[in-house]
Amino acid sequence: MKKKEAKKKIQWQQYIAVAFFMLIGAVCGVLMAQYVDKNAKPGTSGWENLFSLACLFVGMYVAIFIQLIIHEAGHLVFGLLSGYKFSSFRIFSFMWVKENEKVRLRRLSIAGTGGQCLMSPPDMKDGKIPLVLYNLGGSLMNVIASALFFVLYILTKGTPILSTMLLMCAIVGVGIAIMNGLPMRLGTVDNDGYNAFSLTRNSEAMRSFWIQMKVNEQLAKGVRLKDMPDEWFTVPSDEAMKNSMVVVMGIFACNRLMDRQEFQEADKLMEHIMNIESGMVGLHRSLMVCDRMYIEMISENRKEIIDEMLTKEQKQFMKQMKKFPSVLRTEYAFALLHNKERENAEKIKTLFEKCAKSYPYQNDVESERELMKLAEGKA
């Protein structure tokens with residue numbers, strides 16, 4: 001019952017987010033219409049007005065892109081001010097990662113996110129680390145930028161098309177700041193406000209956050225999960241895993257068991273975490289289903305079990321994450337072992353190798369290659 005209520009709450013928050021962004025789009029649409037209405041000159045053709053509208057429409061998407069960069073830059077700036085060190089910076093699928101003291105361009109897409117700035121945290125002192133500014137830095141920077149865009153809008157009123165675009169930049173920035181700063185669970189991920197709220201109320205969540213950042217730091221250095229310190233992968237209690245940040249420790253423990261190829265233990269733990277009331281976000285749940293499908297296919301390979309896991313929502317998720325290594329590994333095993341389609345499996349393997357070249361964490365790629373080779377041995 002509680003799980004159903006929590007799911008409904010998340011769905012309502014998703015609806016609110018969609019409605020809010022639709023409202024921002026509607027406001028920008030009104031601004032475009034007002035621009036055409038006020039600046040249409042006698043004898044102006046419809047094509048000229050249409051061209052102006054098209055420019056403003058493109059300008060709205062440019063505004064979104066600019067504010068996304070500003071948002072992630074805010075995490076970076078306020079993170080550095082809080083004692084964090086740069087690890088990676090992603091906008092859409094373009095990701096700059098620090099590898100062996102050099103910053104390299106890689107590719108990574110994560111469903112439900114437009115970008116992400118990950119940093120290496122300072123050492124914990126008395127069980128605490130600075131986290132509010134880092135988590136809310138993106139929204140703060142959006143607000144600052146929006147204020148600046150609004151001032152520029154006032155100063156450029158003599159150039160209508162430019163001032164309209166600047167006003168849209170200000171509106172979009174405020175929208176992104178609210179949707180990221182106001183604590184919300186958006187289905188696949190939790191937003192920055194929810195993370196900051198969750199962390200400040202729970203010392204165990206704060207430690208989990210620190211470990212997550214340290215794990216990411218080690219991944220960027222080429223260290224595999226199975227080779228990281230054991231104490232980072234202690235499974236929290238069921239009660240503690242009701243917190244969305246703490247449950248990630250349980251998820252990491254599952255991922256580490258997969259890397260060690262301890263499949264029975266991994267499946268048992270994943271089944272447990274998926275069945276308890278927890279704060280696990282949709283992204284992690286769907287990736288966990290991929291791992292459980294793989295384990296089933298290399299073991300008993302029961303059609304009814306796999307069909308039960310491969311729901312409409314899971315298929316949609318795997319389509320969205322079609323270039324993610326563990327999803328491709330599962331797709332490969334599905335084609336090879338479940339559908340007995342070796343030709344299709346080879347196409348998936350080729351895609352995997354293509355995506356692997358630009359994937360930021362080559363240690364993950366190495367682990368997934370081993371799992372694909374294991375699936376080949378079962379064919």
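Guide: A search of the whole structure finds zero disulfides, a disulfide being a pair of cysteine sulfur atoms within 2.5 Å. Cys355 is in none; its nearest cysteine sulfur belongs to Cys290, 15 Å away. This is a predicted model: local features need pLDDT of at least 70, side-chain atom pairs count only at pLDDT 80 or more, and totals for chains, interfaces and linings use all residues. Residues are numbered from 1 along each chain as its sequence is written, and side-chain values use heavy atoms, with hydrogens and water left out.

Cys355 is buried, at 14% relative accessible area. Buried means under 20%, exposed over 50%, partly exposed in between (1.4 Å probe, protein chains only). Cys117 is buried too, at 5%.

Cys117 is in contact with Ser88, where contact means heavy atoms within 4.5 Å. Ser88 lies in strand S1, residues 85-91. Strands (E, at least two residues) and helices (H or I, at least four) are DSSP runs, numbered from the N terminus. Ser88 is buried, with 1% relative accessible area. Leaving aside neighbours within four places in sequence, its contacts also include Met95, Trp96, Val97 and Tyr361.

Now the helices. The axes of H7 (residues 247-259) and H9 (residues 282-298) come within 12 Å and cross at roughly 25 degrees. Axes are lines fitted to C-alpha atoms, for helices over the stretch in contact; angles run from 0 to 180 degrees between N-to-C directions. Cys254 of H7 takes part in the contact, as do Val248 and Ile251.
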